[in-house]
Amino acid sequence: YPNVPILFNLAGACYKGLGRLKGSAKMFKMAVNLQSDYADVHKKLGLDLKQLGHIDDSIASLQNAINSNKDYIDAHYSLANIYKDNNQLDDAVKSYEKVILISPGFAQAHNNLGNAYKDLDIHNESVTSYKKAIQIAPDFAEAHYNLGVINKKLRKSDIAVKHFKKAISLKQNFVEAYNNLGRAYNALGKAKKAIECYQKVFTVK
């Protein structure tokens, strides 16, 4: 190829479309070697490297994308998700908070921030994040479910029931929500309702 970064970017996209991640990563690397501030390609390279299992290199590529464009929300969000998946929870929190600073209405980022806080056992912040996700997107089934989980963990089973039921109303085949709704009912001494929920686990599709 001529030494034109966009051509390597396009070649990388073709390799990726064929499922040939090693080829796409090689092309994206060549593009950023020619143009070091090519933020979009740094991000694409980071995502390919993640799929290839090269986590440290993936993080470095996404950080390069952010260094090239400090408000590149997709790069910040992808980096946050990698930190979360890699159990680097403090870094995940910082990255999700940066995403939210750039885009306060990003409901999924609030939800994922809640998950990171939950894993850090910072329950109040977790609850706040889930509530914010629901405020932005009232029909966000996973956020209702997560808020149910954290309230159940805090022994607030009555509140947990409310959110598990809401999650199920939004996503009828939500097996995990039925299971946890049963547990919440059981904690409230409502054995009959708990059994009905456990039976649903085996019948929903």
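## Helix packing and selected residues in a predicted model

H5 passes H6 in a left-handed crossing (left-handed if the near helix is turned anticlockwise from the far one by less than a right angle, right-handed if clockwise). The structure is a predicted model, in which local features need pLDDT of at least 70 and side-chain atom pairs count only at pLDDT 80 or more, whereas totals for chains, interfaces and linings use all residues. Residues are numbered from 1 along each chain as its sequence is written, and side-chain values use heavy atoms, with hydrogens and water left out. Helices are DSSP runs (H or I, at least four residues) numbered from the N terminus.

**Two helix pairs**

Two packed helices are described by the angle between their axes and the distance between the axes. Axes are lines fitted to C-alpha atoms, for helices over the stretch in contact, and angles run from 0 to 180 degrees between N-to-C directions.

| Pair | Angle | Distance between axes |
|---|---|---|
| H5 (residues 73-85) and H6 (residues 89-102) | about 155 degrees | 8 Å |
| H10 (residues 157-170) and H11 (residues 175-187) | about 155 degrees | 9 Å |

H5 is therefore roughly antiparallel to H6. By the cut-offs, angles under 35 degrees count as roughly parallel, over 145 as roughly antiparallel, 65 to 115 as roughly perpendicular and the rest as oblique. Contact (heavy atoms within 4.5 Å) joins residues of H5, including Ile73, His76 and Tyr77, to residues of H6, including Leu89, Asp91 and Ala92.

H10 and H11 are likewise roughly antiparallel to each other, and their crossing is left-handed. On the H10 side the contact is made by residues including Ser157, Ala160 and Phe164, and on the H11 side by residues including Ala177, Tyr178 and Leu181.

**Residues in loops**

Asparagine 87 is found in the loop between H5 and H6. Although asparagine 87 is not a glycine, its phi is positive, at about 65 degrees. This residue counts as exposed because its relative accessibility is 57%; buried means under 20% relative accessible area, exposed over 50%, and partly exposed in between (1.4 Å probe, protein chains only). Aspartate 121 also has a positive phi, of about 60 degrees, and is not a glycine. Its place is the loop between helix H7 (107-119) and helix H8 (123-136).

Lysine 156 sits in the loop between helix H9 (141-153) and H10. With 40% relative accessibility, lysine 156 counts as partly exposed.

The 14 residues of helix H2 (residues 21-34) should span 20 Å at 1.5 Å a residue, and the end C-alpha atoms are 20 Å apart, which agrees. The expected span is 1.5 Å times one less than the number of residues. Among the buried residues of H2 are Leu21, Gly23, Phe28 and Ala31, and what covers the buried residues of H2 includes H1 and helix H3 (39-51).

Asparagine 9 lies in helix H1 (residues 5-17) and counts as buried because its relative accessibility is 8%. Leaving aside neighbours within four places in sequence, asparagine 9 is in contact with Phe28, Ala31, Tyr38, Val41 and Lys44. The side chain of asparagine 9 also makes a polar contact with the side chain of lysine 44, at 3.0 Å. A polar contact is a pair of N or O atoms within 3.5 Å; within protein, one must be able to donate a hydrogen and the other to accept it, and residues adjacent in sequence count only if both atoms are side-chain atoms.

Glycine 46 belongs to helix H3 and is buried, with a relative accessible area of 0%. Not counting residues up to four places away in sequence, glycine 46 touches Ser58, Ser61 and Leu62.

How values were computed
Helices (H or I, at least four residues) and strands (E, at least two) are DSSP runs, numbered from the N terminus.
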